Amino acid sequence: MNGIIRIRQIDNERGVGMTWKLDRTLKTPVYLQIAELLERSIASGEYPPGSPLPSERKLAEQLGVNRSTIVQAYAELRSAGLVESKVGSGTTVSRSKWGISPSHTPNWRQYAEGGSFLPNLPFMRRIRSSMRHHGQMIDMASGELAEPLFPSGLLQSIMQEQPFTEPLGYDHPQGNPQLRVELSAFLRKQGIAAPEASILVTSGSQQSLYLITQCLLAPGDAVAIEDPSYCYSLPMFQSAGLRICRLPVHHDGIDPDDIARLYREHRIRMLFLNPNYQNPTGTSLSMEKRQRVLAIAAELRIPIVEDDPFSLTSFHHQALPSLKALDKEDIVLYIGSLSKIAASGLRIGWLVAPQTVVSRLADARQQMDFGLSILPQWLAGRLLASNEFPLHLQMLRKALEAKQQRMIGALEHYFSEKLAFTAHPGGLNLWCKSKENISDHRLLEESIQRGLVFVPGSVYGSEEGFIRLSYARPEPEQMEIGIERLAAALRASLASKS
């Protein structure tokens with residue numbers, strides 16, 4: 001039982017119980033650590049068949065965890081058929097002889113751990129869990145816009161003023177035709193020629209990436225991804241059996257020569273790039289490098305997947321043209337969504353690709369869900385067609401710039417020279433590097449204890465000491481409080497090493 005240390009044996013009102021010290025530096029969630037130790041205790045006879053386990057409340061007090069953690073641990077044991085729970089009687093060890101007599105309940109843990117689709121990274125599960133169980137947490141981890149930045153008033157006006165008359169049956173496999181007309185016009189304003197037939201409507205950028213990795217690539221294929229990159233936080237690449245090759249990101253983006261080198265060494269089959277306000281670094285690929293990337297990819301016949309969520313967040317001027325806008329050889333698959341510029345809850349994204357690719361991915365998506373709901377598609381189409389949507393984008397850019405400046409001011413006040421970062425005129429994040437030698441896990445845990453979450457840089461493939469701070473979600477008045485908590489967490493992390 002690596003990571004769990006038995007301190008002493010005690011008696012309590014429910015029978016034999018144990019007090020343990022949990023190792024929170026492990027990747028294994030705390031509730032699984034508890035479940036595994038109880039499982040060993042049952043196997044060793046310390047908890048005989050029919051004996052009661054400590055109450056959820058009592059065990060939570062002994063271990064210093066939330067009661068919900070014990071509830072999860074006991075649920076794991078029930079799924080394995082080791083314990084039984086009855087209302088009013090608590091939880092007892094199954095009377096069947098453990099390990100010999102089969103339980104009627106399937107061992108759901110084995111099923112959950114045996115699938116080919118990998119779970120989220122432990123850091124990401126820890127961050128999301130802390131948000132669910134801590135009402136006062138300041139969220140500098142999420143890339144989601146704050147509620148006041150949503151075009152809520154505009155959406156309400158659309159629903160009140162425009163009657164919904166669309167059929168309620170299954171929609172077109174590629175997405176609602178009228179929405180694709182509006183998307184085509186919307187993309188044309190950004191220099192992207194995308195007829196409706198070349199557009200697939202998705203539930204967001206991640207569904208587009210999932211369809212690409214599952215349908216256009218095969219296990220063992222090598223792909224090139226920026227380093228660091230948001231893609232590293234998505235286990236879907238490993239779930240698809242892909243070999244990942246790194247393209248280091250510099251102050252002006254990747255080095256195009258690295259593409260040719262990786263092709264020679266690994267025969268990479270696809271590039272995944274985020275050229276404008278790259279996530280997490282915030283850098284933008286220079287115009288010269290964009291042209292060279294396209295030329296090299298065309299020469300080697302390597303498709304480029306361009307994920308472009310942030311171009312329209314550019315504060316002062318239009319961002320550099322997307323790779324798709326510069327693409328003359330039809331080698332770029334272009335991904336976008338409304339999540340970072342309107343509302344994540346709409347769940348509307350799009351993929352622009354050759355018709356052959358769109359048809360293949362639309363067929364696969366139909367096998368999954370028969371297409372998206374007509375209601376958010378109808379609403380998104382009206383939103384894009386509204387004369388007020390450009391005004392919303394102007395407001396959004398100003399608000400994001402103000403929030404970024406407020407975060408910068410707080411970082412300069414509380415960290416002085418201890419945290420290095422470079423601000424970029426767009427995007428939702430600051431990419432920071434601690435000048436102290438710190439542990440990602442320790443800093444995150446110290447921050448969570450103080451009511452702040454962020455994303456450690458190692459989630460995106462970087463070395464320890466980098467952190468991504470998002471200024472999109474916190475309210476302006478929370479910015480200083482959150483950065484002050486981060487500074488206190490850093491001090492505590494460093495003190496724990498000495």
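Residues are numbered from 1 along each chain as its sequence is written. In this predicted model, local features need pLDDT of at least 70 and side-chain atom pairs count only at pLDDT 80 or more, while totals for chains, interfaces and linings use all residues, and side-chain values use heavy atoms, with hydrogens and water left out.

In soluble globular proteins, nonpolar side chains tend to be buried together. A nonpolar core is taken here as a set of buried Ala, Val, Leu, Ile, Met, Phe, Trp, Tyr and Cys residues joined through side-chain atoms within 4.5 Å; buried means under 20% relative accessible area, exposed over 50%, and partly exposed in between (1.4 Å probe, protein chains only). The largest nonpolar core has 77 residues, of which Leu-338 and Leu-469 touch the most other members. Helix H15 (residues 389-415) gives the most to this core, with ten residues; helices (H or I, at least four residues) and strands (E, at least two) are DSSP runs numbered from the N terminus. A second, separate core of 27 residues includes Val-223, Phe-237, Met-270 and Val-305.

The structure holds three cavities of 30 Å³ or more. On a 1 Å grid over the protein atoms alone, a cavity is a set of points where a 1.4 Å probe fits but cannot get out, and lining residues have an atom within 4 Å of a point. Grid points are joined across faces, edges and corners, and a volume is the space filled by probe spheres set on the points. The largest cavity contains about 70 Å³ of space. Its lining includes Phe-186, Asp-308, Tyr-334 and Trp-350, and helix H7 (177-188) and strand S12 (332-337) are the elements that give two or more residues to it. The second largest cavity has a volume of about 60 Å³, and Glu-226, Val-249 and Leu-285 are among its lining residues.

The count of disulfides (pairs of cysteine sulfur atoms within 2.5 Å) comes to zero. Cys-245 is buried, at 7% relative accessibility, but its sulfur is 13 Å from the closest cysteine sulfur, in Cys-231, and therefore too far for a bond. Cys-432 is also buried, at 0%.

Ser-239 is found in helix H9 (residues 236-239). Ser-239 counts as buried because its relative accessibility is 16%, and Ser-239 touches Ser-116, Phe-117 and Leu-118, not counting residues up to four places away in sequence.

How values were computed. On a 1 Å grid over the protein atoms alone, a cavity is a set of points where a 1.4 Å probe fits but cannot get out, and a pocket is an open set with protein on both sides within 12 Å along at least five of seven lines; lining residues have an atom within 4 Å of a point. Contact means heavy atoms within 4.5 Å.
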